Amino acid sequence: MSQRIEYKYRPENLNESAPGLYKESDLKREEMILNIGPQHPSTHGVLRLEVVTDGEIVVDVIPHMGYLHRCFEKHAESVPFNQALPFVDRMDYVAAMNSEHAFVMGAERMLGIEGDIPKRVEYIRVLVAELNRIASHFVAIGTYGLDIGAFTPFLWVMRDREHIMRMLEWVSGARMLYNYIWVGGLFYDLPVGFEEKCAEFIQYLKPKLKELDDVLINNKIFVERTANVGVLSRNLAINYGVTGPVLRGSGLKYDLRRVDGYSVYPELDFDIPVGTGAMGQVGDCWDRTFVRVQEVKESVKIIEQCIEKLTKEHKRTKDFDPRAMVPKKIRPKAQDFYVRAENPKGELGFFFRTDGRSDIPVRCKARACSFSNLSVLADISRGYMIADLVAIIGSIDFVMGEVDR
Amino acid sequence: MEIAEFKLLVQDRLGESAVLSIDENATPKALIVAANQIKDICAYLRDNDQSYFDMLSCLTAIDNGPEANTMEVVYNLYSIPLEQSLMLKTFIPRDNPELETVCDIWKTANWHEREAFDLFGVKFSGHPDMRRILMPADWVGYPMRKDYIEPEEYRGMKTIREEGDPS
């Protein structure tokens, strides 16, 4: 005897989670609620999406986060600046060097020692940050291929990323959470032979990037899946505070490394790639991935120049101490300070308020790039298929550690 | 544009009382503005050709503690074409922190305001979807307030670790 399975969706669940947006009566008869995530590879970690669907069409998306919330701000307001640094690593854990660089730069500017940092230290910082940018983009590109069914590029970029991870481990002693860039200097000088190894790696990497172009970016299946999907217009992107490759994919040449010109970036020669709509419209998923691949090539250029500088102009000397400028106590004067830097995912900003009496900030707010980038998701996925939704999520490239903080 | 010019710009349009003072010490330099006019000020600063702040970089709240009994909401604005930035600060009472929303001027404010509500309890009137974003929906209290005491239990789970407990 067969038992009839009765399926009944419960719109009141949606009422509970998003009371302001939907009422039960708003849903049409054909519409259905689909839960995607949390803890599913296609939601890139711990993100739950409540998707209102009409057949296969996405009507609305309501993202729910907070599963990874570790109270970074609360921690940062209870310990001194240099002790908060390990927590900064854990925000964007695939690009910890860049986050450290932003945080440290903020503290240094507040102390007014920004100009006193030795050039060698600055070049090492840029070198490791760009290495980490490549590693971060590799994760983004690789898992993006994985999301839409391409497995080979994922293996390839992970293989290349492994070299970077090993080099950064050699530098700092840790695999992902480095704690290498310190306020006023570095944990240690580069290990002996690092520059040569790095130059070797660059020579190895260059032909691999060409391969990546052929196997993924210009692949017909990949183009079909991503072109004209999730189109984000430039105005909407700016209005949503979207930054980084997602904004540049929409065709705006806006990169803080050039706009603000922090650290030694003004002395380096590199281009800012933007999306041109070569395969579809400007600002679609293909453009965003294309921008990331191009940025990897630009980072390679920067690394080459840094190695050149580090081996010729700012050589390793016996008496060079990367910790010479590290202050004993970080006690900036009372002020409000907003500092920002270009992370692989966009503009990472820190807002500090110090009272001048203690070395613990009164308020430390992290303006995370992924947080703003993710908020545009609902607007660019309405009207596309559910399978396209997965492609759109991947193309934004967010890290939940940074969204939840 | 200099900070004094921004002050005049806003005061010309919205009256003397719109800008209370200037904070030269902040980076970028800040205008301290009246809380009840915040929406008009933001809308004017975005639409005006001289300021044209098309991007809201950061929105955050600050709790000044029970003694001062005030809260602040800080807006960091940035103009991409003009390459200038500005900080706006508003003071609101701590026992009834309420402010008008700016999320129909910059959509990015939607989530930032939700976060400020979640962690500080600042209510933004006119916000389309004012609910917690990072904490569970049934969490009691606002964790980033200075006098916040962590509850000992959440849904039957202990939240406070015992001394020497490594977990």
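## A partly exposed leucine

At 35% relative accessibility, A:Leu146 counts as partly exposed, a class lying between buried (under 20% relative accessible area) and exposed (over 50%), with a 1.4 Å probe and protein chains only. A:Leu146 is found in helix α5 (residues 119–147) of chain A, where helices are DSSP runs of H or I with at least four residues and strands are runs of E with at least two, numbered from the N terminus.

## Basis of the model

This is a predicted model, in which local features need pLDDT of at least 70 and side-chain atom pairs count only at pLDDT 80 or more, while totals for chains, interfaces and linings use all residues. Residues are numbered from 1 along each chain as its sequence is written, and side-chain values use heavy atoms, leaving out hydrogens and water.

## Strand β5 of chain B

In strand β5 (residues 84–93) of chain B, seven of the 10 residues are buried. Strand β2 (residues 30–33) of chain B pairs with β5(B) in the parallel sense over four bridges, pairing requiring at least two DSSP bridges, and B:Val33 has B:Thr90 as its bridge partner. Strand β4 (residues 70–79) of chain B runs antiparallel to β5(B), joined by 10 bridges, with B:Thr70 opposite B:Pro93. The hairpin of β4(B) and β5(B) has four residues between the strands, and B:Glu83 in the turn has a positive phi of about 55°.

## Two buried phenylalanines

A:Phe350 is buried, at 0% relative accessibility, and A:Phe103 is also buried, with a relative accessible area of 1%.

Terms used
Chains lettered and ligands numbered in written order.
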